[in-house]
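Keep the viewer open while you read.

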Amino acid sequence: GEIDYEESSVIEIDVQAKDLGPNPIPGHCKVTVKVLDRNDNWPSIGFVSVRQGAISEAAPPGTVIALVRVTDKDSGRNGQLQCRVLGNVPFKLEENYDNFYTVVTDRPLDREVQDEYNVTIVAKDNGIPPLNSTKSFTVKILDENDNVPRFTKSVYLLQIPENNIPGEYLGSVLAHDPDLGQNGTVYYSIINSNVSGGDVNTYVNVNAANGAIYAVRSFNYEQIKYFDFKVLAKDAGSPHLESNATVRISVLDVNDNIPVIVLPLLQNDTAEIHVPRNVGVGYIVTTVRAVDNDYGESGRLTYEISDGNEEHLFEIDPVTGEVRTAHPFWDDVSPIVELIIRVSDHGKPTLTAAARLIIKASNGRPPDGLPHMKDNQNWDMSLPLIVTLSIISIMLLAAMVTIAIKCKRENKEIRTYNCRIAEYSHPQLGKGKKKKINKNDIMLVQSEVEERDAMNVMNVVSSPSLATSPMYFDYQTRLPLSSPRSEVMYLKPTANNLSVPQSHVGCHTSFTGPVTSTTDTPTNRMSIIQG
């Protein structure tokens with residue numbers, strides 16, 4: 001029959017031999033059969049325990065999933081086993097003892113990458129040929145709120161024409177959250193901010209469920225051309241995860257402003273202009289100026305004469321709006337001309353404004369110096385302001401220079417003599433009468449003895465502005481008059497018939513003091529202290 005090493009590795013056989021004679025005596029022996037093992041048994045894999053339910057994706061590496069025992073009935077090399085986990089999965093086997101293994105996580109799990117794994121364990125022996133066995137089990141991954149909502153764009157650009165209807169749909173933002181259930185449910189809101197000094201929520205709002213953005217008000221391109229705000233996306237997981245994106249709303253210009261004629265001044269859309277006769281061709285009659293609050297092509301204006309110029313007496317520059325004479329004797333053809341000036345923008349649709357110019361010929365002459373003839377110069381509205389500021393600056397500069405010169409002169413006059421004047425009498429002055437001598441009343445002239453004497457001798461002459469006749473004094477000093485040193489000097493009367501040279505100018509010596517009429521004696525002196 002079949003021999004099985006696993007049932008019995010040694011077989012013992014008892015053998016008896018006897019002959020066929022009478023009263024045989026048998027002989028006995030024992031035959032031992034040793035069975036050689038053959039690799040005829042497959043490895044066996046058994047699960048001792050398996051984790052019930054799903055495992056969280058937040059489980060750290062090394063988390064135990066199952067306990068496995070692997071056996072092989074063969075012996076020797078045929079019973080030696082090698083075990084592993086099949087495939088690229090985040091699990092591995094760790095050998096414990098006596099062919100027991102544990103299945104543990106090998107790396108972090110991510111449910112968003114794979115939410116379920118089929119774990120297969122392979123056991124192989126070392127026999128020839130080797131035999132192997134496999135056994136599998138399923139591991140489910142439990143979701144955690146580990147993903148932030150992510151917008152499809154970091155910046156959303158939305159455009160809307162001006163004069164929109166409040167509540168109009170502008171566009172949508174979208175954020176994805178791969179988590180499950182509440183962890184993946186995204187709600188949208190606008191982060192509080194200011195737009196042109198107002199709350200952004202007074203401009204736009206967003207649907208919390210789907211991210212649709214709607215206008216709250218009507219936009220005007222001339223007031224606001226664009227504005228930015230941020231939209232917040234937050235999931236319902238615990239804790240909440242959030243992110244934000246920028247939304248820029250660009251307001252598109254619409255040709256909604258009619259050109260307004262500001263020059264010449266109109267009354268009931270009419271202006272009356274008087275033009276001198278015989279001014280020739282190219283005389284600037286007037287300049288039509290209009291403004292349009294729109295931008296781009298919608299704000300670019302063109303001027304034209306739409307009616308009243310059948311004789312081609314006048315022409316208008318389509319860009320500057322200057323109306324000029326085109327006929328040398330236009331007043332002979334028609335002394336009164338009514339022109340209809342039309343101003344058009346280039347928007348779609350085109351908007352226009354019109355003005356009536358009544359041009360009358362007058363006998364006056366054109367003002368001199370005005371650029372009536374055709375030229376390429378444009379009037380600069382800021383020129384009067386520049387001229388005014390220049391004149392004011394020049395006047396201020398002249399005033400400052402004048403004050404500086406005056407102060408300099410006063411400083412020179414201050415650096416003069418500080419004098420003490422002794423009262424003395426003079427026969428020509430009335431008794432009891434006193435008069436202060438000012439610096440303008442004193443004049444220094446050369447003395448007749450100066451040419452003969454080595455000393456510096458000057459005459460101090462009182463001014464004719466005094467009530468009496470001029471008084472003459474001798475001023476004697478051994479220092480030059482320009483010397484910075486100080487000395488005490490005396491004035492003594494001299495003859496009244498002393499001649500005063502006309503070439504000498506008045507001295508800036510400053511002193512004041514009363515002059516009294518007393519008895520004239522040789523000892524009378526007027527003392528002057530030179531400073």
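Predicted model: local features only at pLDDT ≥ 70, side-chain atom pairs only at ≥ 80, totals over all residues.

Val-85 has Ile-121 in β9 as its bridge partner. Zoom out and you get an open sheet of four strands, ordered β4-β10-β9-β6, with mixed pairing. The edges are taken by β4 (55–56) and β6 (81–86); each has a single partner strand, so one side of each has no neighbour in the sheet.

Stay with β9, which covers residues 116–125 and includes Asp-125. Is Asp-125 buried or exposed? It's buried, and yet it has no salt bridge. The nearest side chain of opposite charge belongs to Lys-124, 8.0 Å away, and a salt bridge would need the nitrogen and the carboxyl oxygen within 4 Å. So what does the Asp-125 side chain reach instead, on the backbone side? The backbone nitrogen of Leu-131, at 2.7 Å. There's also a polar contact of 3.5 Å between the side chains of Asp-125 and Asn-39. Leaving out residues up to four places away in sequence, Asp-125 touches a list of residues that includes Asn-41, Pro-43, Asp-72, Asp-74 and Pro-130.

Next up is β19 (residues 212–215), which pairs with strand β13 (residues 169–172) in the antiparallel sense over three bridges. Strand β18 (residues 204–206) is also joined to β19 by three bridges, again running antiparallel. β18 and β19 make a hairpin with five residues between them. In that turn, Gly-211 has a positive phi of about 80°.

Now for the open sheet of three strands, in the order β24-β28-β27 with antiparallel pairing. Here β24 (284–287) and β27 (314–316) are the edge strands with a single partner each, so one side of each goes without a neighbour in the sheet. From one strand to the next, the twist averages 20°. β27 is held to β28 (residues 322–325) by three bridges, and the two run antiparallel.

| Residue | Bridge partner | Strand of partner |
|---|---|---|
| Val-85 | Ile-121 | β9 |
| Tyr-169 | Tyr-214 | β19 |
| Val-204 | Ala-215 | β19 |
| Glu-315 | Arg-324 | β28 |

As a reminder when you draw these, strands of a sheet pair through backbone hydrogen bonds, either parallel or antiparallel.

Methods: Residues numbered from 1 in each chain as written. Heavy atoms only, no water. Pairing = 2+ DSSP bridges. Axes fitted to C-alpha atoms, helices over the stretch in contact; angles between N-to-C directions. Buried < 20%, exposed > 50% of the residue type's maximum accessible area, 1.4 Å probe, protein only. Lys, Arg positive; Asp, Glu negative; His and termini not counted. Polar contact = N/O pair within 3.5 Å; in protein donor to acceptor, adjacent residues only side chain to side chain. Contact = heavy atoms within 4.5 Å.
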